[in-house]
Amino acid sequence: MPTDSSAIDDALIAKLLGDATLMALTPDGVYMDEANPRAQRFVIVSLVTERASMVFEGRAIEDTLYSVKAVILVASGGNARAAAARIDELLDEGTLSVSGYGFMAVFRDDDDGRIRYTEIDAADKETRWQHRGGRYRVQVSPLG
Amino acid sequence: MSVQWHGLDELREALKHLPADLAADAGAIVDDTAEAVADELRFDYPERTGNLAESVRVLRRDTGQFGVRVQVRSGSKHAWLFEEGSQTRQTHLGWTRGRMPASHLFVKTAQPARFAMYDRLKAMLVAHGLMVTGDAD
């Protein structure tokens, strides 16, 4: 039976959502690509690249690079630094339980690993958003 | 019984020059990769203002006789927003249009080029008579 690569995304998001410390820092949640319109303190996960090592029967290893960052509206009083540190604590050399896959590794990428920038709101120049986190590589092997 | 080795002087001389030769050959491969990545980025960045494409630079760092370090840099102040996305976005007419999604263009361009560069470096080392085991990635 073919494996569903979206299960890797789901496992990553579930891991972040399941952590009470991170959710206290980013109470508006964890989203793939885009947050809800009124969210002020949240985590965005997006897929950067994906590579598969092939064998005769199909994919042997799926190696996926994700961007995982805390996004904080500065006026909300949130702490982007603490949120990014918690993301790193959870993911760098951490574990993941992915349905249909055997877990191999998750770690912050050796190259281009950090994300940190400040966005000035396009509509209100006084408003700032902080984006802070990293790029994490998830390696899993399809079962069966 | 004796064994006579021919060419030991030549081998000793070759080994003395090997690091410099390797650095020169590796430098050409790294330079070539960096320029190709920069060209691809300039081509793929959107043309609305041209700022992103014009800001792409290849910087060569001095690392001494036996090292090579080249950096491709996207220097526009919008580079992070284009790469990683924004919460807000404004058109050139000033209309606010909601979020700009992450493109991840820089990493998507640079990473495959880096892996291909590792293969070329490996082949270059083998061509110099060295044995390579394992992978950089």
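Me: In what order do the elements of chain B run from the N terminus on?
Reply: They go α-α-β-β-α-α, that is, four helices and two strands. Helices (H or I, at least four residues) and strands (E, at least two) are DSSP runs, numbered from the N terminus. Before we go on: this is a predicted model, where local features need pLDDT of at least 70 and side-chain atom pairs count only at pLDDT 80 or more, while totals for chains, interfaces and linings use all residues. Residues are numbered from 1 along each chain as its sequence is written, and chains are lettered from A and ligands numbered from 1 in the order in which they are written.

Me: And what pattern does chain A follow?
Reply: Along the sequence chain A reads α-α-β-β-β-α-β-β-β, with three helices and six strands.

Me: What percentage of chain A counts as buried?
Reply: 35% of its 144 residues. Buried is 20 or more other C-beta atoms within 10 Å of a residue's own, exposed is 12 or fewer, and partly exposed is in between, with C-beta atoms placed from the backbone. For chain B, 19% of the 137 residues count as buried.

Me: Switching to α3 of chain A, which residues are buried there?
Reply: A:Ala80, A:Ala83, A:Ala84, A:Arg86, A:Ile87, A:Leu90 and A:Leu91. They sit on the same side of α3(A), because they cover an arc of only 160 degrees around the axis. The arc is that of the directions from the helix axis to the C-beta atoms.

Me: What covers them?
Reply: The cover of the buried residues in α3(A) includes α1 (6–17), α2 (20–25), β2 (41–55), β3 (58–73), β4 (101–108) and β6 (128–142) of chain A. Just after α3(A) comes A:Glu93, with a positive phi of about 60 degrees.

Me: What about α1(A), which residues are buried?
Reply: A:Ile8, A:Ala11, A:Leu12, A:Lys15 and A:Leu16. Those fall within an arc of 130 degrees seen down the axis of α1(A), so they line one face of the helix.

Me: Now the interface: how many residues of chain B are in contact with chain A?
Reply: 16 residues of chain B, in contact with 18 residues of chain A. Contact means that the C-beta atoms, placed from the backbone, lie within 7 Å.

Me: Which elements give two or more residues to the chain B side?
Reply: α3 (79–84) and α4 (105–127) of chain B. The residues on that side divide into five nonpolar, seven polar and four charged. Ala, Val, Leu, Ile, Met, Phe, Trp, Tyr, Cys and Pro count as nonpolar, Asp, Glu, Lys and Arg as charged, and the others, Gly among them, as polar.

Me: How far apart are the end C-alpha atoms of α4(B)?
Reply: 33 Å, which agrees with the 33 Å its 23 residues should span at 1.5 Å a residue. The expected span is 1.5 Å times one less than the number of residues. Its buried residues are B:Phe106, B:Val107, B:Thr109, B:Ala110, B:Gln111 and B:Met117.

Me: And what follows α4(B)?
Reply: B:Gly129, with a positive phi near 90 degrees.

Terms used: Two residues are in contact if their C-beta atoms, placed from the backbone, lie within 7 Å.
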